[in-house]
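Hi,

Here is the structure I said I would pass on.

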Amino acid sequence: MSGDETGTTSNDTEHDPYDEVFVLLGWAWDVARAARAAARHPVTRANVSDIGALGALIRIDHDYAETVDLSRPLLAVPLPEVRTPIVIDGWHRIHKARQTGVTELPVIFLDADDERACRLMGGGIKRAW
């Protein structure tokens, strides 16, 4: 995974030890832990334009995006003092939805306790890995 401040995730699960970490502007989340926590929350739907507002900051592998399953829910977390939840898993699905005219996607919104349990860095937490 890239060490820069731009939203990144890795698709290379065979070689990248950080493939299950999402990093955005000095914050980081353990996506595997978030996925386990998601089992406690309902699947809802979200407008792609609203939930994908930070898309300009995210690196997209266009070839990979063509292969993603739009029925798989996005994972989003609340941030302290931020009105709109942040997607920590699903940016390739958001990209594909935009490219194919899909306006809504399934999403699981984690609560604040689960967000904090998944957060590795940011909001006063120093890098944990």
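Which element of the protein chain has the lowest mean pLDDT, and which the highest? The lowest is β5, at 89, and the highest is β6, at 97. (pLDDT is the predictor's confidence in each residue, from 0 to 100; helices, H or I with at least four residues, and strands, E with at least two, are DSSP runs numbered from the N terminus.) The chain as a whole has a mean pLDDT of 84, with 82% of its residues at 70 or more. Residues 1-6 are below 50, though this stretch has 16 contacts in the model beyond near neighbours in sequence, contact meaning heavy atoms within 4.5 Å. Residues 8-18 are also below 50, with 19 such contacts. Where pLDDT is low, the predicted coordinates should not be read in detail.

Some housekeeping: this is a predicted model, so local features need pLDDT of at least 70 and side-chain atom pairs count only at 80 or more, while totals for chains, interfaces and linings use all residues. Residues are numbered from 1 along each chain as its sequence is written, and side-chain values use heavy atoms, with hydrogens and water left out.

Now the sheet. Four strands make an open sheet, ordered β3-β6-β4-β5, with mixed pairing; two strands pair if DSSP finds at least two bridges between them. β3 (43-47) and β5 (82-89) are the edge strands, each pairing on one side only. From one strand to the next, the twist averages 45°.

β4 (residues 74-79) pairs with β6 (residues 104-109) in the parallel sense, over three bridges. β4 and β5 run antiparallel and are joined by four bridges.

Two helices lie across β4, β5 and β6. α1 (residues 31-38) runs at about 95° to β4, and α4 (residues 91-100) at about 100° to β5. Those angles run from 0 to 180 degrees between N-to-C directions, with axes fitted to C-alpha atoms, for helices over the stretch in contact.

What about the inside? The largest nonpolar core has 29 residues, and F22, W29, L75, I94 and L110 have the most contacts inside it. (Such a core is a set of buried Ala, Val, Leu, Ile, Met, Phe, Trp, Tyr and Cys residues joined through side-chain atoms within 4.5 Å; buried means under 20% relative accessible area, exposed over 50%, partly exposed in between, with a 1.4 Å probe and protein chains only.) β4 gives the most to this core, with five residues. Not counting residues up to four places away in sequence, L75 touches V31, A34, A35, A38 and I108, among others.

H41 sits in the loop between α1 and β3. Why does H41 count as buried? Because its relative accessible area is 16%, under the 20% cut-off. Its side chain makes a polar contact with the side chain of D114 at 2.5 Å (a pair of N or O atoms within 3.5 Å; within protein, one must be able to donate a hydrogen and the other to accept it, and residues adjacent in sequence count only if both atoms are side-chain atoms).

D30, in strand β2 (residues 27-30), counts as buried too, at 19% relative accessibility. Leaving aside neighbours within four places in sequence, D30 is in contact with E20, C118 and L120.

Cheers
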